[in-house]
Amino acid sequence: PALLIEPAPNGASLLERAGVRLRPEAVKIGVSLRCWEGEEAYLPALADSLHRLRERHDVQYVFFPFQHGHDEPPCASVFRKVNSGCDCVVEGRFHPREMAAMIGEMDALIAMRLHAVILGAVSLVPAFGIIYDPKVRSFLKRAGAGERSMGIEEMSRDRSELFKRLSSFISEREEAAEKIRPRVEEMKRLAYRNAVVVRQVL
């Protein structure tokens with residue numbers, strides 16, 4: 001199970017290998033996007049909010065394409081709109097343990113992909129979910145973070161609300177990280193117990 005993945009120990013060096021140079025003083029925000037219906041509306045809405053966040057915070061955006069051959073176009077689209085010269089797109093293919101380690105170097109995560117949200121939880125990095133599928137919101141609720149999300153249709157309709165939620169999320173990221181810790185530990189225990197039961201049955 002993805003929740004039982006142990007992050008590799010070298011997230012910063014892996015990011016360097018992927019072409020990413022982190023700015024120590026910046027708030028480092030990972031972004032994981034995928035292609036989905038309606039992206040011509042919700043991706044510009046997201047880019048607009050990321051621009052506005054930069055006006056309030058010293059941020060560095062790091063884009064994580066999870067599924068190669070599919071996730072690069074939406075990541076590149078938003079990257080081109082927001083890049084201030086310090087933002088980066090992770091290049092190359094990596095094991096989930098390595099992806100978890102790299103995400104672990106982030107201060108916060110904005111994600112569509114469920115596996116990105118899960119690996120963020122494994123690394124105790126709080127996530128804001130872009131909801132295209134109920135399973136993403138369901139996981140966030142289990143992690144005690146169901147309110148830190150927004151559906152893609154709502155994003156397209158209400159850019160001001162998207163910015164409001166993202167701004168609150170970034171401002172409260174440290175508290176959010178502490179809040180998810182006990183929930184994630186409990187979810188890991190349940191996942192381990194279930195894995196043991198499955199092995200015993202097999």
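Buried here means under 20% relative accessible area, exposed means over 50%, and partly exposed lies in between, judged with a 1.4 Å probe on protein chains only. Keep in mind that this is a predicted model, in which local features need pLDDT of at least 70 and side-chain atom pairs count only at pLDDT 80 or more, while totals for chains, interfaces and linings use all residues. Residues are numbered from 1 along each chain as its sequence is written, and side-chain values use heavy atoms, with hydrogens and water left out.

Where does Arg113 lie? Look in the loop between strand S4 (108-111) and helix H5 (114-122). These labels come from DSSP runs, numbered from the N terminus: helices are H or I runs of at least four residues, and strands are E runs of at least two. The side chain of Arg113 makes a polar contact of 2.8 Å with the side chain of Asp71. A polar contact is a pair of N or O atoms within 3.5 Å; within protein, one must be able to donate a hydrogen and the other to accept it, and residues adjacent in sequence count only if both atoms are side-chain atoms. Leaving out residues up to four places away in sequence, Arg113 also touches Ser32, Arg34, Phe66, Gln67 and His70, besides Asp71. Touching, or contact, means heavy atoms within 4.5 Å.

Because 8 of its 9 residues are buried, H5 is largely enclosed by the rest of the structure. Among the buried ones are Leu114, Ala116, Val117 and Ile118. After H5 comes Leu124, whose phi is positive, near 60 degrees.

Now step back to the sheet. It is open and has 6 strands in the order S3-S2-S1-S4-S5-S6, with parallel pairing. S3 and strand S6 (149-151) stand at the edges with a single partner strand each, so one side of each has no neighbour in the sheet. Two strands pair if DSSP finds at least two bridges between them.

Let's follow strand S2 (residues 59-63), where 5 of 5 residues are buried. In a regular strand the side chains alternate between the two faces of the sheet. In S2, Val59, Tyr61 and Phe63 point one way, whereas Gln60 and Val62 point the other way. S2 runs parallel to strand S1 (residues 27-32), and 5 bridges join them. Val27, for instance, has Val59 in S2 as its bridge partner. S2 is also parallel to strand S3 (residues 88-89), joined to it by 2 bridges, and Phe63 stands opposite Val89 in S3.

Next, the inside. The largest nonpolar core has 72 residues, and Leu33, Tyr61, Phe63, Phe64, Val90, Met102 and Ile110 have the most contacts inside it. Such a core is a set of buried Ala, Val, Leu, Ile, Met, Phe, Trp, Tyr and Cys residues joined through side-chain atoms within 4.5 Å. Not counting residues up to four places away in sequence, Ile110 touches several residues, including Ile29, Val31, Leu46 and Phe128. Leu53, in helix H2, counts as buried at 0% relative accessibility. Beyond its neighbours within four places in sequence, Leu53 is in contact with Tyr61, Phe163, Leu166, Ser167 and Ile170. Met99, in helix H4 (residues 96-103), counts as buried at 7%.

Finally, the cysteines. How many disulfides are there? The count comes to 0, where a disulfide is a pair of cysteine sulfur atoms within 2.5 Å. For Cys35, the nearest cysteine sulfur is that of Cys75, 8.9 Å away. For Cys86, the nearest is that of Cys88, 7.2 Å away. Cys35 is partly exposed at 31% relative accessible area, whereas Cys86 is buried at 17%.
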